[in-house]
Amino acid sequence: MFAAERRQLILEMVRANGAVSLRELARVVQTSEVTVRRDVRALEAEGLLDRRHGGAVLPGGFTRESGFPQKSHLATAEKTAIADLAANFVEEGEAIVVGAGTTTQELARRLARVPGLTVVTNSLLVAQALAHANRVEVVMTGGTLRGSNYALVGSGAEQSLHGLRVSRAFISGSGLTAERGLSTSNMLSASVDRALVAAAVEVVVLADHTKLGSDTMFQTVPTDLITRLITDEPPAHDDRAGAELQALADQGVQIAVAGGEAGPVASRPGRREVPVPGPRRGVPGAGPGLRSAAASVLGEGGAAERARVADMRRR
């Protein structure tokens, strides 16, 4: 393939997806990442796209949201590794919320094996992945269906989350920076994600390295509310992604890095985590015991249970 043909194909991919990693571009055009990086620089010089940490995005500073079919084929190995690692942070009998996204869908497939789990979600894809899990209870929000990512959004979704309290929220997005936190390109999705986060004691962000340093229009989770980031290992040449990870850690975010191209991480000892000194947000003893709190909020408990939940919140 000639250089002009390669660059035209790269440009078409970026225009179709909004953001594409160098690794994915190299795979599609069947050349090395070094050659693709050179092509991306040339296209940036012409003002046709912008370079980002390990990839390329539409010009203008903000990436736009890709549709589900495009996103489902991007960074698939990285998402698999992240989902494998994230599943290790979920315990039996826990109550959690899981947001919409291709990475959270991968996580849901692994949660089907966790007994006694309660999952609250606004994602049809997450619910579908757990539909046949006999030992997992799935609670869906209300709302209006947003077809591009198969998620329920709007005031109905947000109101159904009011008063809910769970141990952890697993959230994805379109971009993540230390300065602004997690962001997404759609206002309705951002609003529901904020409601999901407000229901949780801890917030876990799932984001592959191509999202590090990318900034999109609507902030969902500011950095100081992110408990943990689960990501993959950035390429060795991607100094800016490494710097972004360090900046997030400096602001108190715990960083857990999955195996990336080395393969999925299947056990808790396999993760590499950057410890953060000092306490993080949270409620002492939060975890599986919060399932009863979620059950009460969802109408399954009596007056005594509601009183106990109120006492937990006051603590």
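Leu-117, Val-119 and Thr-121 point one way from strand S5, Thr-118 and Val-120 point the other way, and all of them are buried. Buried here means under 20% relative accessible area, exposed means over 50%, and partly exposed is in between, with a 1.4 Å probe and protein chains only. Strands (E, at least two residues) and helices (H or I, at least four) are DSSP runs, numbered from the N terminus.

Hello everyone, a quick word on what we are looking at. This is a predicted model, where local features need pLDDT of at least 70 and side-chain atom pairs count only at pLDDT 80 or more, while totals for chains, interfaces and linings use all residues. Residues are numbered from 1 along each chain as its sequence is written, and side-chain values use heavy atoms, with hydrogens and water left out.

Back to S5, then. It covers residues 117-121, and five of its five residues are buried. Which strands does S5 pair with? On one hand there is S4 (residues 95-98), parallel to S5 over four bridges; on the other there is S6 (residues 136-140), also parallel, joined to S5 by five bridges. Two strands count as paired if DSSP finds at least two bridges between them. If you want to find these pairings on the screen, look for Ala-95 opposite Thr-118 in S5, and for Thr-121 opposite Met-140 in S6. From S5 the chain crosses through helix H7 (residues 124-130) to S6, in a right-handed β-α-β crossover. S4, H6 and S5 make a right-handed β-α-β unit as well. Right-handed means that, with the strands pointing away from the viewer, the path from the first strand over the helix to the second runs clockwise.

Now please turn to strand S14, residues 228-232. Here too, five of five residues are buried. Arg-228, Ile-230 and Asp-232 sit on one side, Leu-229 and Thr-231 on the other, and both faces are covered. S14 pairs in the parallel sense with S12 (residues 200-206) over three bridges, and Leu-206 has Ile-230 as its bridge partner in S14. Five bridges join S14 to S15 (residues 254-258), again in parallel, with Arg-228 opposite Gln-254. The chain gets from S14 to S15 through helix H10 (residues 239-250), and this β-α-β crossover is right-handed.

Next, the charged pairs. How many salt bridges does the structure hold? There are 11, a salt bridge being a side-chain nitrogen of Lys or Arg within 4 Å of a carboxyl oxygen of Asp or Glu. Let me show you three of the pairs.

One is Asp-39 with Arg-7, whose closest N and O atoms are 2.9 Å apart. This pair links distant parts of the chain, with Asp-39 in helix H3 and Arg-7 in helix H1 (residues 3-17), 32 residues apart. Is Asp-39 buried or exposed? Asp-39 counts as buried because its relative accessible area is 0%, whereas Arg-7 is partly exposed at 27%.

Another is Glu-44 with Arg-51, at 2.8 Å from N to O. Glu-44 is partly exposed, with 27% relative accessibility, and Arg-51 is partly exposed too, at 32%.

Then there is Asp-84 with Arg-110, at 2.4 Å from N to O. Asp-84 belongs to helix H5 (residues 76-87) and Arg-110 to helix H6 (residues 102-111), 26 residues apart. Both Asp-84 and Arg-110 are buried. Salt bridges that share partners join Asp-84, Glu-106, Arg-109 and Arg-110 into one network.

Let me stay a moment with H3, the helix that holds Asp-39. H3 (residues 33-45) has 13 residues and reaches 18 Å from first C-alpha to last, close to the 18 Å expected; the expected span is 1.5 Å times one less than the number of residues. Its buried residues are Thr-35, Val-36, Arg-37, Asp-39, Val-40 and Leu-43. After H3 comes Gly-47, whose phi is positive, near 75°.

Val-29 counts as buried because its relative accessibility is 4%.

That is my tour, and I am happy to go back to any of these spots on the screen.
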